[in-house]
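Below is a briefing on one structure, grouped by topic. The sequence and the model come first, and the notes follow.

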Amino acid sequence: MIQAEHLKKSFGKVQAVKDVSFTAQDGQITGLLGPNGAGKTTTLRIIYTLLKPDSGTVFVDGVDVVHQPLEAVRRLGALTEAHGLYVRLTARENIRYFGRLRGMEGEALEKRIEELCKLLEMQDFIDRRTEGFSNGQRVKVSIARALLHDPQNVLLDEPTNGLDVMATRAMRTLIRRLRDEGKCVVFSSHIMQEVSLLCDRLVVVAHGEVVLDGTKEEIRQKMGTDNLEDAFVTAIGSAEGLEE
Ligand SMILES: Nc1ncnc2c1ncn2[C@@H]1O[C@H](COP(=O)(O)OP(=O)(O)OP(=O)(O)O)[C@@H](O)[C@H]1O
(Lines give C-alpha, C1' and ligand atoms only; values in the text may rest on other atoms or scores of the structure.)
Protein backbone atom coordinates (compact mmCIF):
# COMPACT_ATOMS: atom_id res chain seq x y z
CA MET A 1 0.00 0.00 0.00
CA ILE A 2 1.22 3.49 -0.82
CA GLN A 3 0.09 6.54 1.13
CA ALA A 4 1.23 9.91 -0.20
CA GLU A 5 0.67 12.74 2.24
CA HIS A 6 0.70 16.40 1.24
CA LEU A 7 3.66 16.19 -1.11
CA LYS A 8 5.28 19.41 -2.25
CA LYS A 9 8.20 19.85 -4.61
CA SER A 10 9.54 22.88 -6.44
CA PHE A 11 12.34 23.20 -8.97
CA GLY A 12 13.47 26.80 -8.66
CA LYS A 13 10.38 28.85 -9.40
CA VAL A 14 8.40 25.93 -10.82
CA GLN A 15 6.04 24.38 -8.30
CA ALA A 16 5.88 20.91 -9.85
CA VAL A 17 3.91 19.36 -6.98
CA LYS A 18 1.89 21.68 -4.76
CA ASP A 19 -0.23 19.33 -2.69
CA VAL A 20 -0.58 15.70 -3.61
CA SER A 21 -2.15 13.17 -1.25
CA PHE A 22 -3.65 9.81 -2.16
CA THR A 23 -3.77 6.20 -1.06
CA ALA A 24 -3.15 3.29 -3.42
CA GLN A 25 -4.38 -0.04 -2.04
CA ASP A 26 -3.07 -3.56 -2.57
CA GLY A 27 -4.97 -5.55 -5.18
CA GLN A 28 -5.94 -2.37 -7.00
CA ILE A 29 -4.71 -0.39 -9.97
CA THR A 30 -4.52 3.29 -9.12
CA GLY A 31 -4.20 5.67 -12.05
CA LEU A 32 -2.50 9.04 -11.77
CA LEU A 33 -4.12 11.00 -14.52
CA GLY A 34 -3.27 14.50 -15.60
CA PRO A 35 -2.18 16.63 -18.54
CA ASN A 36 1.49 17.15 -19.47
CA GLY A 37 3.36 18.93 -16.73
CA ALA A 38 0.74 18.16 -14.06
CA GLY A 39 3.32 16.69 -11.67
CA LYS A 40 2.79 12.94 -12.17
CA THR A 41 6.41 12.01 -12.86
CA THR A 42 7.65 14.18 -10.02
CA THR A 43 5.20 12.46 -7.67
CA LEU A 44 6.34 8.98 -8.80
CA ARG A 45 9.99 9.99 -8.43
CA ILE A 46 9.36 11.11 -4.87
CA ILE A 47 7.66 7.79 -4.08
CA TYR A 48 10.60 5.89 -5.58
CA THR A 49 13.02 7.98 -3.44
CA LEU A 50 14.72 9.53 -6.48
CA LEU A 51 13.64 12.97 -5.29
CA LYS A 52 13.20 14.32 -1.80
CA PRO A 53 9.96 16.25 -1.29
CA ASP A 54 10.20 19.81 0.08
CA SER A 55 7.52 18.73 2.52
CA GLY A 56 5.10 15.88 3.05
CA THR A 57 6.02 12.22 2.84
CA VAL A 58 5.05 8.84 1.47
CA PHE A 59 4.56 5.58 3.34
CA VAL A 60 5.18 2.38 1.40
CA ASP A 61 3.72 -0.51 3.37
CA GLY A 62 4.07 1.77 6.37
CA VAL A 63 7.74 2.63 5.66
CA ASP A 64 8.51 6.35 5.39
CA VAL A 65 10.35 7.00 2.10
CA VAL A 66 12.01 10.17 3.41
CA HIS A 67 13.41 8.64 6.59
CA GLN A 68 13.95 5.05 5.48
CA PRO A 69 14.56 5.24 1.72
CA LEU A 70 16.48 1.96 1.40
CA GLU A 71 13.83 0.06 3.30
CA ALA A 72 11.11 1.66 1.16
CA VAL A 73 12.86 0.92 -2.15
CA ARG A 74 12.98 -2.81 -1.32
CA ARG A 75 9.20 -2.80 -1.41
CA LEU A 76 9.01 -0.93 -4.71
CA GLY A 77 9.59 -1.71 -8.36
CA ALA A 78 9.50 1.16 -10.82
CA LEU A 79 9.37 1.69 -14.53
CA THR A 80 10.60 5.21 -15.08
CA GLU A 81 10.73 6.89 -18.43
CA ALA A 82 14.44 6.58 -19.11
CA HIS A 83 14.80 2.86 -19.97
CA GLY A 84 18.56 3.27 -19.74
CA LEU A 85 20.18 0.00 -20.80
CA TYR A 86 23.79 -1.01 -21.27
CA VAL A 87 23.97 -1.45 -25.02
CA ARG A 88 26.96 -3.80 -24.99
CA LEU A 89 25.17 -6.22 -22.70
CA THR A 90 22.40 -8.59 -23.72
CA ALA A 91 18.94 -8.13 -22.25
CA ARG A 92 19.59 -11.05 -19.90
CA GLU A 93 22.90 -9.54 -18.76
CA ASN A 94 21.23 -6.17 -18.19
CA ILE A 95 18.56 -7.78 -16.03
CA ARG A 96 21.10 -9.95 -14.18
CA TYR A 97 23.26 -6.92 -13.42
CA PHE A 98 20.28 -5.10 -11.93
CA GLY A 99 19.41 -8.20 -9.89
CA ARG A 100 22.90 -8.28 -8.41
CA LEU A 101 22.57 -4.64 -7.42
CA ARG A 102 19.41 -5.73 -5.63
CA GLY A 103 21.39 -8.39 -3.77
CA MET A 104 20.06 -11.34 -5.79
CA GLU A 105 22.36 -14.05 -7.14
CA GLY A 106 22.89 -17.61 -8.29
CA GLU A 107 20.13 -20.06 -9.09
CA ALA A 108 17.35 -17.93 -7.61
CA LEU A 109 18.28 -14.98 -9.82
CA GLU A 110 18.57 -17.09 -13.01
CA LYS A 111 15.22 -18.76 -12.30
CA ARG A 112 13.50 -15.43 -11.77
CA ILE A 113 14.96 -14.05 -15.02
CA GLU A 114 13.63 -17.11 -16.86
CA GLU A 115 10.17 -16.62 -15.32
CA LEU A 116 10.06 -12.99 -16.37
CA CYS A 117 11.36 -13.87 -19.83
CA LYS A 118 8.35 -16.13 -20.33
CA LEU A 119 5.87 -13.77 -18.71
CA LEU A 120 7.00 -10.85 -20.86
CA GLU A 121 7.57 -12.97 -23.98
CA MET A 122 11.19 -11.97 -24.34
CA GLN A 123 12.48 -15.34 -25.63
CA ASP A 124 13.35 -14.00 -29.09
CA PHE A 125 15.65 -11.26 -27.89
CA ILE A 126 16.73 -11.92 -24.31
CA ASP A 127 20.20 -13.10 -25.39
CA ARG A 128 20.75 -10.29 -27.88
CA ARG A 129 22.74 -7.16 -27.12
CA THR A 130 20.31 -4.36 -26.39
CA GLU A 131 21.87 -1.99 -28.94
CA GLY A 132 19.20 -1.22 -31.52
CA PHE A 133 16.32 -2.65 -29.50
CA SER A 134 12.87 -1.36 -30.42
CA ASN A 135 11.03 0.76 -27.92
CA GLY A 136 8.76 -2.15 -26.99
CA GLN A 137 11.74 -4.43 -26.39
CA ARG A 138 13.42 -1.81 -24.22
CA VAL A 139 10.26 -1.34 -22.17
CA LYS A 140 10.07 -5.10 -21.59
CA VAL A 141 13.66 -5.25 -20.33
CA SER A 142 12.96 -2.30 -18.04
CA ILE A 143 9.79 -3.95 -16.70
CA ALA A 144 11.71 -7.16 -16.07
CA ARG A 145 14.26 -5.19 -14.05
CA ALA A 146 11.49 -3.49 -12.08
CA LEU A 147 9.75 -6.78 -11.22
CA LEU A 148 12.87 -8.85 -10.58
CA HIS A 149 12.67 -8.80 -6.77
CA ASP A 150 8.90 -9.38 -6.87
CA PRO A 151 8.02 -6.05 -5.21
CA GLN A 152 4.67 -5.62 -3.52
CA ASN A 153 4.31 -2.11 -4.95
CA VAL A 154 4.79 -1.32 -8.61
CA LEU A 155 5.12 2.16 -10.11
CA LEU A 156 4.72 2.56 -13.85
CA ASP A 157 5.30 5.96 -15.41
CA GLU A 158 3.41 6.15 -18.71
CA PRO A 159 4.11 2.46 -19.39
CA THR A 160 2.42 2.31 -22.78
CA ASN A 161 4.09 5.43 -24.17
CA GLY A 162 5.44 4.69 -27.63
CA LEU A 163 4.25 1.06 -27.69
CA ASP A 164 2.39 -0.38 -30.65
CA VAL A 165 -1.08 -1.89 -30.32
CA MET A 166 0.08 -5.43 -29.52
CA ALA A 167 2.66 -4.29 -26.99
CA THR A 168 0.10 -1.99 -25.36
CA ARG A 169 -2.34 -4.88 -24.99
CA ALA A 170 0.38 -7.06 -23.50
CA MET A 171 1.27 -4.31 -21.04
CA ARG A 172 -2.36 -3.95 -19.98
CA THR A 173 -2.60 -7.70 -19.43
CA LEU A 174 0.51 -7.59 -17.28
CA ILE A 175 -0.81 -4.68 -15.21
CA ARG A 176 -4.07 -6.55 -14.56
CA ARG A 177 -2.16 -9.67 -13.66
CA LEU A 178 -0.12 -7.79 -11.07
CA ARG A 179 -3.34 -6.45 -9.60
CA ASP A 180 -4.85 -9.94 -9.50
CA GLU A 181 -1.78 -11.17 -7.63
CA GLY A 182 -2.63 -8.61 -4.95
CA LYS A 183 0.05 -6.05 -5.81
CA CYS A 184 -0.40 -2.34 -5.35
CA VAL A 185 -0.05 -0.89 -8.86
CA VAL A 186 0.23 2.84 -9.53
CA PHE A 187 0.52 4.03 -13.08
CA SER A 188 0.54 7.43 -14.64
CA SER A 189 -0.92 8.50 -17.91
CA HIS A 190 -2.16 11.63 -19.60
CA ILE A 191 -4.74 9.64 -21.55
CA MET A 192 -8.09 9.40 -19.83
CA GLN A 193 -9.35 6.45 -21.84
CA GLU A 194 -6.37 4.37 -20.83
CA VAL A 195 -6.69 5.15 -17.14
CA SER A 196 -10.42 4.61 -17.26
CA LEU A 197 -10.01 1.22 -18.94
CA LEU A 198 -7.53 -0.16 -16.44
CA CYS A 199 -7.94 1.53 -13.12
CA ASP A 200 -9.91 0.66 -10.06
CA ARG A 201 -9.23 4.09 -8.67
CA LEU A 202 -8.34 7.40 -10.29
CA VAL A 203 -6.33 10.25 -8.88
CA VAL A 204 -6.60 13.24 -11.19
CA VAL A 205 -3.74 15.72 -10.91
CA ALA A 206 -3.66 19.19 -12.44
CA HIS A 207 -1.11 21.95 -11.80
CA GLY A 208 0.50 19.92 -9.03
CA GLU A 209 -2.68 19.30 -7.06
CA VAL A 210 -5.15 16.44 -6.73
CA VAL A 211 -8.41 17.73 -8.16
CA LEU A 212 -10.39 14.46 -8.12
CA ASP A 213 -9.92 11.13 -6.40
CA GLY A 214 -12.14 8.09 -6.28
CA THR A 215 -13.49 5.09 -8.15
CA LYS A 216 -15.01 5.78 -11.56
CA GLU A 217 -18.47 5.54 -10.02
CA GLU A 218 -17.62 7.91 -7.17
CA ILE A 219 -16.17 10.43 -9.62
CA ARG A 220 -19.24 10.30 -11.85
CA GLN A 221 -21.46 10.89 -8.83
CA LYS A 222 -19.27 13.64 -7.38
CA MET A 223 -19.21 15.54 -10.65
CA GLY A 224 -22.89 14.89 -11.35
CA THR A 225 -22.29 13.44 -14.79
CA ASP A 226 -22.73 10.00 -16.37
CA ASN A 227 -19.74 10.63 -18.47
CA LEU A 228 -16.24 10.25 -17.09
CA GLU A 229 -14.79 12.42 -19.85
CA ASP A 230 -16.99 15.34 -18.86
CA ALA A 231 -15.99 14.87 -15.23
CA PHE A 232 -12.32 14.91 -16.20
CA VAL A 233 -12.64 18.00 -18.39
CA THR A 234 -14.55 19.86 -15.67
CA ALA A 235 -12.01 18.87 -13.00
CA ILE A 236 -8.89 19.90 -14.88
CA GLY A 237 -10.50 22.76 -16.74
CA SER A 238 -9.40 21.64 -20.21
CA ALA A 239 -9.77 18.83 -22.71
CA GLU A 240 -6.08 17.84 -22.70
CA GLY A 241 -5.61 14.11 -22.48
CA LEU A 242 -8.75 13.11 -24.34
CA GLU A 243 -8.16 11.04 -27.43
CA GLU A 244 -10.07 12.04 -30.52
N1 LIG B 1 14.22 18.43 -12.74
C2 LIG B 1 13.39 19.41 -13.04
N3 LIG B 1 13.84 20.68 -13.13
C4 LIG B 1 13.01 21.70 -13.42
N5 LIG B 1 11.70 21.57 -13.65
C6 LIG B 1 11.18 20.33 -13.58
C7 LIG B 1 12.00 19.19 -13.28
N8 LIG B 1 11.19 18.09 -13.26
C9 LIG B 1 9.95 18.54 -13.53
N10 LIG B 1 9.93 19.88 -13.74
C11 LIG B 1 8.76 20.70 -14.05
O12 LIG B 1 7.74 20.37 -13.12
C13 LIG B 1 6.46 20.33 -13.74
C14 LIG B 1 5.84 18.94 -13.54
O15 LIG B 1 6.57 17.99 -14.31
P16 LIG B 1 6.25 16.43 -14.31
O17 LIG B 1 7.29 15.79 -15.16
O18 LIG B 1 6.12 15.95 -12.91
O19 LIG B 1 4.83 16.38 -15.00
P20 LIG B 1 4.03 15.15 -15.64
O21 LIG B 1 2.65 15.26 -15.09
O22 LIG B 1 4.74 13.89 -15.41
O23 LIG B 1 4.02 15.52 -17.17
P24 LIG B 1 4.14 14.61 -18.51
O25 LIG B 1 2.82 13.96 -18.71
O26 LIG B 1 4.46 15.63 -19.55
O27 LIG B 1 5.28 13.64 -18.28
C28 LIG B 1 6.69 20.70 -15.18
O29 LIG B 1 6.45 22.08 -15.33
C30 LIG B 1 8.17 20.39 -15.41
O31 LIG B 1 8.73 21.19 -16.42
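Helices (H or I, at least four residues) and strands (E, at least two) are DSSP runs, numbered from the N terminus. The model is predicted, so local features need pLDDT of at least 70 and side-chain atom pairs count only at pLDDT 80 or more, while totals for chains, interfaces and linings use all residues. Residues are numbered from 1 along each chain as its sequence is written.

**Ligand shell**

- A residue is near a molecule or strand if its C-beta atom, placed from the backbone, lies within 6 Å of it.
- The residues around the ligand are Phe11, Val14, Ala16, Gly34, Asn36, Gly37, Ala38, Gly39, Lys40, Thr41, Thr42 and His190.
- Two or more of these residues come from each of the elements β2 (14-24) and α1 (40-47).
- The element that gives the most to the shell is α1, with three residues.
- Ala, Val, Leu, Ile, Met, Phe, Trp, Tyr, Cys and Pro count as nonpolar, Asp, Glu, Lys and Arg as charged, and the others, Gly among them, as polar.
- On that basis the shell around the ligand has four nonpolar, seven polar and one charged residues.

**Ala16, a shell residue**

- Ala16 is part of strand β2.
- A residue is buried if 20 or more other C-beta atoms lie within 10 Å of its own, exposed if 12 or fewer, and partly exposed in between, with C-beta atoms placed from the backbone.
- Ala16 counts as buried because it has 23 C-beta neighbours inside 10 Å.
- Two residues are in contact if their C-beta atoms, placed from the backbone, lie within 7 Å.
- Leaving aside neighbours within four places in sequence, Ala16 is in contact with Lys9, Ser10, Phe11, Gly39, Thr42 and Gly208.
- From C-alpha to C-alpha, Ala16 and Lys40 are 8.9 Å apart in space, and 24 residues apart in sequence.

**Nonpolar core**

- A nonpolar core is a set of buried Ala, Val, Leu, Ile, Met, Phe, Trp, Tyr and Cys residues joined through C-beta atoms within 7 Å.
- The largest such core has 64 residues, and those with the most contacts inside it are Ile47, Ala144, Leu155 and Val204.
- Helix α5 (residues 135-147) gives the most to this core, with six residues.
- Not counting residues up to four places away in sequence, Ala144 touches Ile95, Leu116, Leu120 and Met122.

- Two packed helices are described by the angle between their axes and the distance between the axes.
- Axes are lines fitted to C-alpha atoms, for helices over the stretch in contact, and angles run from 0 to 180 degrees between N-to-C directions.
- The axes of helix α8 (residues 216-223) and helix α9 (residues 228-236) come within 9 Å and cross at roughly 65°.
- On the α8 side the contact is made by Lys216, Ile219, Arg220 and Met223, and on the α9 side by Leu228, Ala231, Thr234 and Ala235.
- By class, this contact of α8 with α9 has five nonpolar, one polar and two charged residues.
- Gly224 lies in the loop between α8 and α9.
- Gly224 is exposed because 9 other C-beta atoms lie within 10 Å.
- Gly224 and Leu120 are 104 residues apart in sequence, with 41 Å between them in space, C-alpha to C-alpha.

- His6, in strand β1 (residues 2-11), has a positive phi near 50° and is not a glycine.
- His6 is partly exposed, since 13 other C-beta atoms lie within 10 Å.
- Thr49 also has a positive phi, of about 70°, although it is not a glycine.
- The place of Thr49 is the loop between α1 and β4 (55-60).
- With 19 C-beta neighbours inside 10 Å, Thr49 counts as partly exposed.

**Other sites**

- Thr57 is located in strand β4 and is partly exposed, with 16 other C-beta atoms within 10 Å.
- Not counting residues up to four places away in sequence, Thr57 touches Glu5, Asp64, Val65 and Val66.
- The C-alpha atoms of Thr57 and Ser188 are separated by 19 Å, and the two residues are 131 residues apart along the chain.
- Leu101 belongs to helix α3 (residues 91-101) and is exposed, with 10 other C-beta atoms within 10 Å.
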